[in-house]
Amino acid sequence: MTQITKETIIGDILDACPDTAPYFLEMGMHCLGCPASRGESIEAACFVHGADADELVAKINEFLKNR
């Protein structure tokens, strides 16, 4: 996975790169193993958790670029 967007499904990100989990935990998403959360897009999860989707996408893409 080289780049993600707000539409990218969280489970796909975690399957491709489990090391991104701390970014989801940081935004308050502590239920990463839940089937519902794994099927959500970043945008949907950020909406529910009151987080900025653009900021999360930028952080994860920066992490993926530098690993």
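Which residue just after H4 takes a positive phi? In this predicted model, the residue is Gly 50, and its phi is about 65°.

## Helix H4 and its two faces

Helix H4 covers residues 42-49, and its buried residues are Ile 42, Ala 45 and Cys 46. When H4 is seen down its axis, these buried residues fall within an arc of 100°, so they line one face of the helix. The face turned away from this buried side carries Phe 47 and Val 48, which are exposed.

The cover over the buried residues of H4 comes from elements that include helix H1 (10-16), helix H2 (21-26) and helix H5 (53-66).

## The packing of H4 against H5

The axes of H4 and H5 lie 9 Å apart, and the two helices pack at an angle of about 125°. The crossing of the two helices is right-handed.

Which residues make the contact between H4 and H5? On the H4 side they are Ile 42, Glu 43 and Cys 46, and on the H5 side they are Ala 53, Leu 56, Val 57 and Ile 60. Of these, Ile 42 and Cys 46 are also buried residues of H4.

## The aromatic pair

How many aromatic pairs does a search of the whole structure find? The search finds one. It is formed by Tyr 23 and Phe 63, whose ring centres are 5.5 Å apart and whose planes stand at 55°, so the pair is tilted. The reasoning rests on two cut-offs: planes under 30 degrees apart would count as stacked and planes over 60 as edge-to-face, so the rest count as tilted.

The pair links distant parts of the chain, since Tyr 23 belongs to helix H2 and Phe 63 to helix H5, 40 residues apart. Phe 63 has a relative accessible area of 22% and is partly exposed.

## Residues around Glu 43

Glu 43 takes part in the contact between H4 and H5, and its C-alpha distance is given to two other residues. Asp 54 is found in helix H5 and, at 48% relative accessibility, counts as partly exposed. The C-alpha atoms of Asp 54 and Glu 43 are separated by 8.3 Å, and the two residues are 11 residues apart along the chain.

Thr 8 is found in the segment before H1. Is Thr 8 buried or exposed? With a relative accessible area of 15%, Thr 8 is buried, because buried means under 20%. Thr 8 and Glu 43 are 35 residues apart in sequence, while their C-alpha atoms are 8.3 Å apart in space.

## Two further residues

Pro 22 is found in helix H2. Its relative accessible area is 47%, and Pro 22 is therefore partly exposed. From Pro 22 to Ile 42 the separation is 20 residues in sequence and 14 Å in space, C-alpha to C-alpha.

Ala 36 is found in helix H3, which spans residues 35-38. At 51% relative accessibility Ala 36 counts as exposed, because the term applies over 50%. The C-alpha atoms of Ala 36 and Arg 67 are separated by 28 Å, and these residues are 31 residues apart along the chain.

Notes. Residues numbered from 1 in each chain as written. Predicted model: local features only at pLDDT ≥ 70, side-chain atom pairs only at ≥ 80, totals over all residues. Heavy atoms only, no water. Buried < 20%, exposed > 50% of the residue type's maximum accessible area, 1.4 Å probe, protein only. Helix = DSSP H or I, 4+ residues; strand = E, 2+ residues; numbered from the N terminus. Arc of directions from axis to C-beta. Contact = heavy atoms within 4.5 Å. Phe/Tyr/Trp six-rings, centres within 6.5 Å; stacked < 30°, edge-to-face > 60°. Axes fitted to C-alpha atoms, helices over the stretch in contact; angles between N-to-C directions. Left-handed = near helix turned anticlockwise from the far one by under 90°.
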